[in-house]
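Work through the exercises below with the sequence and the model in view. Each task is followed by its solution in steps.

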Amino acid sequence: MHIKNHFLLGLLLATFLWFTQKTDLKDLILLVQSTVLIDMDHFIIYIRQKKRFSLGHYIKEQRHYLKLQKPRFYMFHKIEIVLLLFLLSSFLPVLKFVSIGVAFHIFLDMLIYVRHHRSLRRMRTYSYLHDIYCGIRRVPAY
Ligand SMILES: [Zn+2]
């Protein structure tokens, strides 16, 4: 899903929580930020593969990639990250909204994959455990 849509849908979720829950504004801002910033792993992979640090070039290539929706490995798009953030929120409550934002982002990405491929078969993995037991899919060249 395009980063702009993640931002808008994150904003929509935050607005919903604002009106339905007694939620602090700074927590909701954090939620929206986390729905967007989780995609930094796409950029990290791009830098690693291309050996190039160009946000403009990355954005151009990302548009092409989003049309194909090929499965790839992304280190932050994992359910274990959400669980870790949620567990850590017991000690650091602000992480609760980060975990909600990350979970929401992953959920939206999964919806887009299923909608695009009309199947769960080509779904990229969203679990490190799955990667370990089933093997990490090779990351296609950018
Ligand atoms: Zn994503």
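Buried residues make up 21% of the 142 residues in the protein; a residue is buried if 20 or more other C-beta atoms, placed from the backbone, lie within 10 Å of its own, exposed if 12 or fewer, and partly exposed in between. This is a predicted model: local features need pLDDT of at least 70, side-chain atom pairs count only at pLDDT 80 or more, and totals for chains, interfaces and linings use all residues. Residues are numbered from 1 along each chain as its sequence is written.

**Exercise 1.** State the secondary structure of the protein.

Solution. Helices (H or I, at least four residues) and strands (E, at least two) are DSSP runs, numbered from the N terminus. The protein has seven helices and zero strands. Read from the N terminus, the order of elements is α-α-α-α-α-α-α.

**Exercise 2.** Describe how helix 1 and helix 6 pack.

Solution. Step one is the geometry. Axes are lines fitted to C-alpha atoms, for helices over the stretch in contact, and angles run from 0 to 180 degrees between N-to-C directions. Step two is the class of angle. Under 35 degrees counts as roughly parallel, over 145 as roughly antiparallel, 65 to 115 as roughly perpendicular and the rest as oblique. Helix 1 and helix 6 are therefore oblique to each other. Step three is the residues. On helix 1, His6, Leu9, Gly10 and Leu13 meet Gly101, Phe104, His105 and Leu108 of helix 6; contact means C-beta atoms, placed from the backbone, within 7 Å.

**Exercise 3.** Find the contacts of Leu31 beyond its neighbours within four places in sequence.

Solution. With those neighbours set aside, Leu31 contacts Gly10, Leu13, Ala14, Phe97, Ile100 and Gly101.

**Exercise 4.** Is Phe76 buried or partly exposed?

Solution. First locate the residue: Phe76 lies in the loop between helix 4 (55-68) and helix 5. Then count: 17 other C-beta atoms are within 10 Å, so Phe76 is partly exposed. Last, look at what surrounds Phe76. Residues up to four places away in sequence not counted, Phe76 touches Ile38, Asp41 and Ile81. Met40 is 36 residues from Phe76 along the chain, and their C-alpha atoms are separated by 8.4 Å.

Conventions
Two residues are in contact if their C-beta atoms, placed from the backbone, lie within 7 Å.
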